[in-house]
Amino acid sequence: MEEVGALLQSGPELIKRILRALSARELHRVSRVCRTWQKYAALVLKERRFALTMTATKQNQDNSHEAIVDNPETKQFLRDLDMDCGLAIMFLAIAHPSSYPPAFVATLSSSVQIDGGMDSRAMRSYFSPSSALIGAVCSSGIIGTSVDGSCHEQQEPAVDCLSAFLMPKALPEGAQMSHFSLSLTQARQLVKSEFNREAFAQAFNWPVDQATKCIILVAAEFVSPQVDRKLLSAIRVLHDGEVALAGGIADQVFSSACVKPAYVGLVFGGENVRAASLVIGQDDRTKESVKTRLTELKTKVEAWGECRQKFGFMFACCGRGRTLFDADDIETGVFKELMPDIPLNGMFSLGEFGWEFPLPLAQSAKKSKRSNDDILSYTTTFAVVGFV
C-alpha cells in the first residue's frame with residue numbers, strides 16, 4: 001500500500017486519469033481520503049465546466065407522493081453526474097387534471113408537487129449542500145432537450161414531467177453567472193423608486209461593475225402586470241438596451257433561497273460570454289415564417305465564432321405550439337434543425353418577456369420601441385448564451 005501511495009504521490013497525471021473516470025459524487029467522497037486526493041479531485045471537477053440538460057417523466061401518475069426524478073433512469077443519471085452542479089434551473093409541468101383518476105383530482109390542489117417542493121428536495125439530494133435550485137411550475141407544458149440531444153415540446157402533458165439545466169459551480173474563464181429570487185415585496189420596492197444600478201445589482205446577486213450580457217426572467221402568475229412592466233423597463237433603462245432577455249410567466253416559481261418568490265432568474269456576463277435574444281411574433285404562424293426568424297438568430301450566434309459551449313432558453317405562449325400549428329415540436333424542431341448543437345430548455349407560458357438583441361444592422365441606429373417593455377402574448381422568445 002505504501003508503494004502505491006508513493007507512486008500516486010509522484011504521478012499527478014496518473015491520479016487525474018484515475019479520477020476522471022469517477023462521477024462528481026464519487027469525487028467528493030475520495031477527496032476526503034487525503035489532501036492529495038482532495039487537490040486533484042478539485043482539479044478534475046474544474047475541468048468539467050459544461051452545463052448539462054436533462055428531462056424526466058413521472059413513472060406513476062396515480063402516486064401523488066412520488067417525485068418526477070424518482071424514476072430509475074433519472075436517478076441513475078443524477079448519481080452518475082460527472083459535473084459538480086452549482087445550480088439547477090427546473091421547469092415542471094403538472095399533468096392536466098382530466099388525465100388523472102377522479103380520486104387523485106380531489107387531492108391535486110393540496111399536493112406538495114404543485115409548488116415544486118417535492119422535486120426540489122429530490123433533485124437537491126443528488127447535489128452538494130452549497131448547490132442552489134430555482135424553477136417554475138407551468139401547467140401549460142415544458143420544452144426540453146434530453147441527454148441524447150432530442151428536443152421536445154410537452155404541451156399539456158398526460159404525466160408530470162420536467163426539464164432542467166444543470167450549471168457547474170465553476171464556469172469557464174471569463175464567464176460569470178448568478179441566480180436570483182425576489183419576493184413580491186422586494187420587487188415592488190425595487191421598481192417604485194428611481195432606477196438604481198446598485199440596488200438592481202444587489203437584487204440580482206450581480207457585481208455592480210460587471211457588464212450584463214443576458215437575463216432570464218420568470219415571474220409567478222400572481223404578480224401584477226404593472227410590476228412586470230416596470231421591472232422590464234428598469235432592466236432596459238439600466239442596461240441601455242444592451243442586454244439579451246427572454247422569459248415568461250408561470251403558474252408558480254420556486255427557489256431554495258426564498259420562501260415565496262415572485263421572480264426567479266439567471267444573469268450571465270463576463271468578457272468571454274456572448275448572448276442573443278429573439279422574439280417570434282404574433283404574425284409568425286407558419287413553419288416557414290418561424291424558420292426565417294430563427295435563421296436570424298442563427299446568424300447572430302454564428303457571428304460569435306468558435307464557442308466552448310452554447311445553450312438556449314425558449315418561452316412559448318400556451319396558445320402556440322400544437323394549438324397554432326396543429327402539430328408538435330414545430331418551433332423546437334426548426335431550432336434543432338438550424339442549431340443542432342445547442343440544447344434548449346424552457347416552458348409554455350402565460351405571457352412572455354423578451355426583445356431583439358442585438359438589433360439587426362438596419363435597425364441599429366434606431367431606439368427600441370418602448371412597447372417591447374410590455375408583457376408579450378402569442379409569441380415565442382428565445383435567448384442563446386455562449387462561452388467563447
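**Helix H7**

I started with helix H7, residues 117–124, in this predicted model. I counted 6 of its 8 residues as buried, so the helix is largely enclosed by the rest of the structure. The buried ones I wrote down are Gly 117, Met 118, Asp 119, Ser 120, Ala 122 and Met 123.

Which elements cover the buried residues of H7? My list includes S1, H5, S2, S6 and S10, along with strand S3 at 132–137. That list sent me to the strands next.

**The sheet**

I traced an open sheet of 5 strands, and the order I got is S1-S6-S2-S3-S10. The pairing in this sheet is mixed. I found strand S1 (52–57) and strand S10 (252–255) at the edges, each pairing on one side only. On average, neighbouring strands here are turned by 15 degrees against each other, if I ignore direction.

Helix H5, residues 72–79, packs on this sheet and touches S1 and S6. Its direction makes about 160 degrees with that of S1.

A reminder to myself: strands of a sheet pair through backbone hydrogen bonds, either parallel or antiparallel. I then went through the pairs.

- S2 (residues 85–93) and S6 (residues 161–168) run antiparallel and share 8 bridges. To find my place there, I noted that Phe 91 stands opposite Ser 163 in S6.
- S2 also pairs with S3, this time in the parallel sense, over 6 bridges. Here I have Ala 88 opposite Leu 133 in S3.
- S3 and S10 are antiparallel and joined by 4 bridges.

**Strand S3**

Is S3 buried or exposed, I wondered? It is mostly covered, with 6 of its 6 residues buried. I sorted the side chains by direction: Ala 132, Ile 134 and Ala 136 point one way, while Leu 133, Gly 135 and Val 137 point the other. Both sets are buried.

**Arg 308**

Next I looked up Arg 308, which I found in the loop between helix H11 (287–302) and strand S13 (309–317). Its relative accessible area is 39%, so I put it down as partly exposed.

What does Arg 308 touch, leaving out residues up to four places away in sequence? I got Phe 50, Pro 172, Glu 173, Asn 272, Phe 387 and Val 388. I checked the distance to one of them: Phe 50 is 258 residues away in sequence, yet the two C-alpha atoms are 8.5 Å apart in space. For Val 388, I saw the side chain of Arg 308 reach the backbone oxygen at 2.7 Å.

I picked out a cis peptide bond between Phe 357 and Pro 358, with omega at about -15 degrees. Pro 358 sits in the loop between strand S15 (352–354) and strand S16 (380–387).

Then I turned to phi. Asp 240 is not a glycine, but its phi is positive, about 55 degrees. I placed Asp 240 in the loop that runs between helix H10 (225–238) and strand S9 (244–250). Its relative accessibility is 55%, and the cut-off for exposed is over 50%, so Asp 240 counts as exposed.

Asp 329 has a positive phi too, near 60 degrees, and again the residue is other than glycine. This one lies in the loop between helix H12 (322–325) and helix H13 (330–338). With a relative accessible area of 24%, Asp 329 is partly exposed.

**The whole chain**

Last, I stepped back to the chain as a whole. I count 13 helices and 16 strands. Of its 388 residues, 55% count as buried. The chain exposes about 17,500 Å², and carbon and sulfur atoms supply 51% of that.

How much of the contact in the chain links residues 24 or more positions apart, taking contacts with a separation of 6 or more? The share I noted is 82%. The contact between Arg 308 and Phe 50, 258 residues apart, is one I can point to in the model.

Definitions and conventions. Residues numbered from 1 in each chain as written. Predicted model: local features only at pLDDT ≥ 70, side-chain atom pairs only at ≥ 80, totals over all residues. Heavy atoms only, no water. Pairing = 2+ DSSP bridges. Helix = DSSP H or I, 4+ residues; strand = E, 2+ residues; numbered from the N terminus. Axes fitted to C-alpha atoms, helices over the stretch in contact; angles between N-to-C directions. Contact = heavy atoms within 4.5 Å. Buried < 20%, exposed > 50% of the residue type's maximum accessible area, 1.4 Å probe, protein only. Polar contact = N/O pair within 3.5 Å; in protein donor to acceptor, adjacent residues only side chain to side chain. Areas by Shrake-Rupley, 256 points an atom, 1.4 Å probe, with all protein chains shown as cover.
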